[in-house]
Amino acid sequence: MATSVLLRPCRRYVRVMDIFCRNTSSSANPSQRPLNQTILSYLNSRFYDMENIINWSIRLKHWRLRKKNTHFTYTENLYGKYVAAVYFVLCQKGAARFQGQEEWFRANKKGKFSWDFINHKDVPVEAVDLSGSLLNYDGLENIVPLGELKYLNLSNCPNVDDFCLSRLHVFKDTLEELHLSGCPQVTERGLATLHHLENLKYLDVSRLPSVSNQPLIAILLEEILPRCQIEGMSFKIPLKLDS
């Protein structure tokens, strides 16, 4: 579908040039007709070249996404689940904090980070910030082993969807703060799965364009998470003043 949308202007241009060449050839001199046909043939050949390039770029994009969300099995076997999780987060240009510490291990804008986190391989990870990353359902495999996780920020993640939220039930006994603002693929179906997070104290669900009837969903969230502060979604329906 993405390919057809991208190629639609190209196809339209070729059709226009085809009509132009036909109209021109009917009124032009016979010596000019081969030139028109040559131009049309050239455009057609370039069109298929462009189609191949776009298809290749889409496959490359999907390959990069899969690579970004690969499970770091080797690192986990070598250093343990905590180091493997932090390494994954830092590779996503995110940040993580170990239990009992104030310092965050964070990647800079160029993706560089300190390797000192390896020294904390036996310390549980209690906070993860993956905001703005390319995390998807497969990438969560690196995070779900963190049985002591209290803070999770998934704001502005374009690939976080309802299936991702359904997998957060593994943190039902520990997670206290969850940020989901700006996730375009999250819908009310995914939010309904958060009822497992019994210890959740703060939930940010602002700027979720795919959630319809937000006042009703706000009431639902307050019912399934009675001890949680809901941010970004209100059950109050704005009044419409008659003009």
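How many bridges join strand E1 (residues 95-98) to E2? Two, and these strands run antiparallel. Strands here (E, at least two residues) and helices (H or I, at least four) are DSSP runs, numbered from the N terminus. This is a predicted model, where local features need pLDDT of at least 70, side-chain atom pairs count only at pLDDT 80 or more, and totals for chains, interfaces and linings use all residues. Residues are numbered from 1 along each chain as its sequence is written, and side-chain values use heavy atoms, with hydrogens and water left out.

**The sheet**
- Seven strands form an open sheet with mixed pairing, in the order E2-E1-E3-E4-E5-E6-E7; two strands pair if DSSP finds at least two bridges between them.
- At the edges sit E2 (105-106) and E7 (229-231), each pairing on one side only.

**Who pairs with whom**
- Alanine 95 has arginine 106 in E2 as its bridge partner.
- E3 and E4 (residues 151-153) run parallel, joined by three bridges; aspartate 129 has asparagine 153 in E4 as its bridge partner.

**Buried spots**
- Five of the five residues of E3 are buried, so this strand is largely enclosed by the rest of the structure. Buried means under 20% relative accessible area (1.4 Å probe, protein chains only).
- Histidine 179, in strand E5 (residues 177-179), is buried too, with a relative accessible area of 12%.
- Leaving aside residues up to four places away in sequence, histidine 179 touches several residues, including Tyr151, Asn153, Tyr202 and Asp204; contact means heavy atoms within 4.5 Å.

Definitions and conventions
Buried < 20%, exposed > 50% of the residue type's maximum accessible area, 1.4 Å probe, protein only.
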